[in-house]
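I opened this notebook to record, entry by entry, what I looked up about a few strands and a pair of helices.

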Amino acid sequence: MAKLWAIAIGINQYQYFQSLGYAQADAEAIRDFLIQQAGWTEEQCLLMTDSSVPMKDKPTLPTKNNILQFLEDFAANSWQPEDTLWFFFSGYGINYEGQDYLIPIDGDSRRISETAIEIRQLMQTLQISGLSVLLFLDFNRAFGTQANSCIGEETIELAQELQISTILSCQPDQFSHESSELGHSFFTAALLEALRYGNVNNLAGLESYLSVRTPELCQHHWRPIQNPITFITSPKQSLFLPQEVISSFPLHGEAYDDQRSPVKNDTEELSDIIDLRETFTARPAPKLEEKPVEHNTSSQVPQVSPESSNVPTIKEKTRSNSLFTKSLLLWGTSTLAVGGLLLLVFLRNQSGQIFQAFDNRDHVTVVNPLPSNFALEKSQGRNSNSQETNQAILELEKMSLNPNQASDLSKAIAIAQNIKINEADYKQAQKNIRIWNNMILDLAQNRATNMEYNSAIAAAELVNEQDPSYREAQAAIKQWQLLRKQYLSNKTLLEAAQALIRPEQASTYNRAIEVAKRIPQSQPGFPMAQESINQWSRDIIRLAKNRADNQQFSSAIATATLAPEDTAAYAEAQELIQQWQQKIQGN
């Protein structure tokens, strides 16, 4: 039977970073909710904070070594492929040399790569375990370090690549804040409210609730806006909370109609996602003591630039204002109202640009040069008239354009489209356009065959909409997008398998083989995986032979048995085992 697991990490007292105020409380509250209200098993909910108690005599202080050791132990001895894991982290995060890192309590800003935990490593570890994972990352950006501050972009990119549902507390150019009035970060306060009182029962619902409530809490407490970022693999996926938990509280307050659509994956139609837009009613939690706030019905909540907000270097702690300060704020409200409204209008128009830029960023793929006659050979196969094809290629040469470059073919098409119907060259131009579109599609298909899916998609998108091959190109693009996702996932899985290997430890080769076997035969990357599997099986035999050469026959036999069936070294392993058994008996 599938089990529910949770790892909640919250760090206040960093050894090399400025202390935070409520990260520990964030982690404790999430774990307490799962155990006390959602009914999860206490032994399967790990808490790692500054003062958390040991778990089965193992220290739970959130150092890099302790965190990675727990992950390794759970993956090896506890987790099963059908299990579910909530991983919650509240603390510092850093982007260093283009890679996102989670900062453990002993993380050192002068040695990020040695002392921090790479997000890619964390996600790969979770992916190869086969779990259903939900990541909550309440990252604060650390300043005064060698790292830049734009953490989050790589994390979401990895989430998409590895297909792991992930929720970040704010966008890359925003700050994550804390509040002494709430006793939590704003993101965690909104998350707890959603779980306790929001009538939320799936990931799409949780995403919608957080997208509205988190910025509302920031506005209510006079803090700069933060908008969570979410990648969801399946919007309909349950939160694995018992129904009595999500429906046990009476609902009051305002209804929030979220207009954002969850991230769409390749296998889901847009209409399915639109149907998941729900209306939520939020009852302020007694612990939070929220005052009524004016509701903003748009999910595109205005963003406040950190630079213009004088944001401190740590998670900001909102202090209770004195009566004098409150009076002063009320006195200044009328003066600021007009300017504030103008600012909100401007910022509203700017909202959402991060994701637009993120989604539209260029993908650069190095394409191996094609044979000089590739375009001619392929186009003659697709275009029945070789004379017309030769003529079209000659036209390209006249324009000094390369027939093996999709962008050059697209330029040629654009030029030919400018020839008017009453001009003498019009008919020839139309023939050339058809041939050049076919050549573009041939180039794209060749790149896809070489698993250069980004480049293949980019080329196929150049096929003219009016061309007969346009529908074929669009169908190919859809297929290549799916294959690209599979390829990236399988490539990452193979890299994770490789990372398990420790030289001279045969068991690590065996573990790597088992991980690599998860790559399906029908998906791209399978031949690569088989090549690695066979090599690793030969490495196991090499280690076994070394031990046999040292007269350690029992150890050699134990090592050889680690070579799995259906690997290149299996037959040899069985023969050697028999030989070594005979030598043991002869002695």
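I began with the strands and found that β3 (residues 84-96) and β6 pair in the parallel sense over 10 bridges, where pairing asks for at least two DSSP bridges between two strands. Strands here are DSSP runs of E with at least two residues, helices are runs of H or I with at least four, and both are numbered from the N terminus. The model is a predicted one, in which local features need pLDDT of at least 70 and side-chain atom pairs pLDDT 80 or more, while totals for chains, interfaces and linings use all residues. Residues are numbered from 1 along each chain as its sequence is written, and side-chain values use heavy atoms, without hydrogens and water.

I then noted that Tyr 92 stands opposite Asn 140 in β6. Strand β6 is also joined by four bridges to β7 (residues 165-168), and these two run parallel; Leu 137 has Leu 168 in β7 as its bridge partner. Is β6 (residues 132-141) mostly covered or mostly open? I found nine of its 10 residues buried, so to speak mostly covered, with buried meaning under 20% relative accessible area, for a 1.4 Å probe and protein chains only.Next I turned to helices α18 (residues 506-516) and α19 (residues 526-549), which pack at an angle of about 165 degrees with axes 9 Å apart. The axes are lines fitted to C-alpha atoms over the stretch in contact, and angles between N-to-C directions run from 0 to 180 degrees. The two helices are therefore roughly antiparallel, a term for angles over 145 degrees. Among the residues that meet are Tyr 509 and Ile 513 in α18 and Trp 536 and Leu 543 in α19, contact meaning heavy atoms within 4.5 Å.

Methods. Parallel < 35°, antiparallel > 145°, perpendicular 65-115°, else oblique. Buried < 20%, exposed > 50% of the residue type's maximum accessible area, 1.4 Å probe, protein only.
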